[in-house]
Amino acid sequence: MTRWLLRHGRLATLAGDAGWGLLDDGALLVDDGCIAWVGPDAQRPGLDAEETDLQGALLTPGLVDAHTHLVYAGDRAAEFELRLQGASYEQIARAGGGIRSTVSATRAADEAALFDAAAARARALLREGVTTIEVKSGYGLDEATEARCLRVARRLGAELPITVRSTSLAAHALPPEYAGRADDYIDAACGWLAAQHAAGLVDAVDAFCDTIGFTPAQTERVFRAARALGLPVKLHAEQLSNQHGAALAARFGALSCDHLEHLDADGIAAMRAAGTVAVLLPGAFYFLRETRPPPVAGLRAAGVPMAVATDHNPGSSPCLSLLLMMNMACTLWRLTPEEAWRGATVHAARALGLADRGRLAAGQRADLVLWDATHPREIVARFGHNPCRRVWCAGVEVAP
Ligand code: NIG
Ligand code: FE
């Protein structure tokens, strides 16, 4: 039967613009993978539908991890040790480590090995209720390896029950063969985009605009190439310094600007005007032992939607727990638990250009999570604990 009714759940719908949207004894009708009706159990539609009794457990929308670098080979734990001894992330990158060390390992790995490693990481996210993820390339930095990583991202979406959005991030770092020729590399990377797009491998285009990444002028060229193909853009912006990348990205109508520790008032205003989502990444802030928080109060006051994501990658955030990121966004940066939830559901979906998920409301995809909890704030308050009990993707229960 494609139609079924979940009954007697505590539903956190997040359906309005504010508040949890709690329904204490709620019911939800799923029809053909979508939510057809949500409301008090006593008012449920009298239809012929298979029923599941949730026995008062908490039901929420599936979580959305809007920023990951899930496809890579190798490991950078030795750099963690170096940083604990005083080396900085930038020093390690300038000495040829950092992103470039992962690039060497990724170029040497075949597609099957990259897929197996990435699939294991995606399943770990799914076990915590993540039903949609974004996956970036950016550890190939040559045409063949970038395409291989994007194909792996597409295969993840095809073989796992989760939705995968893939982002081309060839402008992540300068590969060694282009040393001293960053503009030539940007020319090449812009040239690869058309073929990636024609092969159906790209949903969005990203770049790393920073002192150890690319300049605003180089970033703008990437954005122009994306725009010419009709692809939306995003940006790793103001992570280590203020390059005014957020304002640049906003001029291109960016879906999101991510990191943002050094974002200033002009950047906030530009993001607000463009409707760009601020994707906050507490994992990288924590793991790099950064001290400057993103301007959460300013973003909140301006009404810029805030998302929270893992930024999973081997160098700056080897974290596979979006729940932990939600907790850390609150403890480190004073998001409210409700902001953390919106940041991992409806605002995260918006950062991916997806309007069909992130809330429990009629017409949304039936991506659902049942938790061992009575209120969503409990899930944010606890850490190092996984209360996820059952997960449905497009109305189908999945075993992570
Ligand atoms: O989002 N800032 C740039 N990119 C990644 C880190 C990549 C790496 O260190 O491998 C990030 O933090
Ligand atoms: Fe990142």
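Helix α7 (residues 216–228) lies across β8, β9 and β10 (234–237), at about 175 degrees to β9. This is a predicted model: local features need pLDDT of at least 70, side-chain atom pairs count only at pLDDT 80 or more, and totals for chains, interfaces and linings use all residues. Residues are numbered from 1 along each chain as its sequence is written, chains are lettered from A and ligands numbered from 1 in the order in which they are written, and side-chain values use heavy atoms, without hydrogens and water.

**Sheet**

- The open sheet has 8 strands, ordered β6-β7-β8-β9-β10-β11-β12-β13, with parallel pairing.
- β6 (63–65) and β13 (306–308) are the edge strands; each has a single partner, so one side of each lacks a neighbour in the sheet.
- From one strand to the next, the twist averages 25 degrees.
- β8 (residues 163–171) and β9 (residues 204–209) run parallel and are joined by 3 bridges.
- Two strands pair if DSSP finds at least two bridges between them.
- Helices (H or I, at least four residues) and strands (E, at least two) are DSSP runs, numbered from the N terminus.
- Axes are lines fitted to C-alpha atoms, for helices over the stretch in contact; angles run from 0 to 180 degrees between N-to-C directions.

**Ser 168**

- Ser 168 is found in strand β8 and stands opposite Val 205 in β9.
- Ser 168 counts as buried because its relative accessibility is 3%, where buried means under 20% relative accessible area, exposed over 50% and partly exposed in between (1.4 Å probe, protein chains only).
- Beyond four places in sequence, contacts of Ser 168 include Ser 137, Leu 150 and Leu 193; contact means heavy atoms within 4.5 Å.

**Iron site**

- His 67 (NE2), His 69 (NE2), His 236 (NE2) and Asp 311 (OD) coordinate the iron ion (ligand 2) at 2.0 to 2.3 Å.
- Donors are N, O and S atoms within 2.8 Å of the metal (3.2 Å for Na, K and Ca); water is not among the atoms, so sites may look incomplete.
- Along the chain, the donor spacing is H-x1-H-x166-H-x74-D.
- His 236 sits in strand β10 and Asp 311 in the loop between β13 and α12 (322–333), 75 residues apart.
- Both His 236 and Asp 311 are buried.
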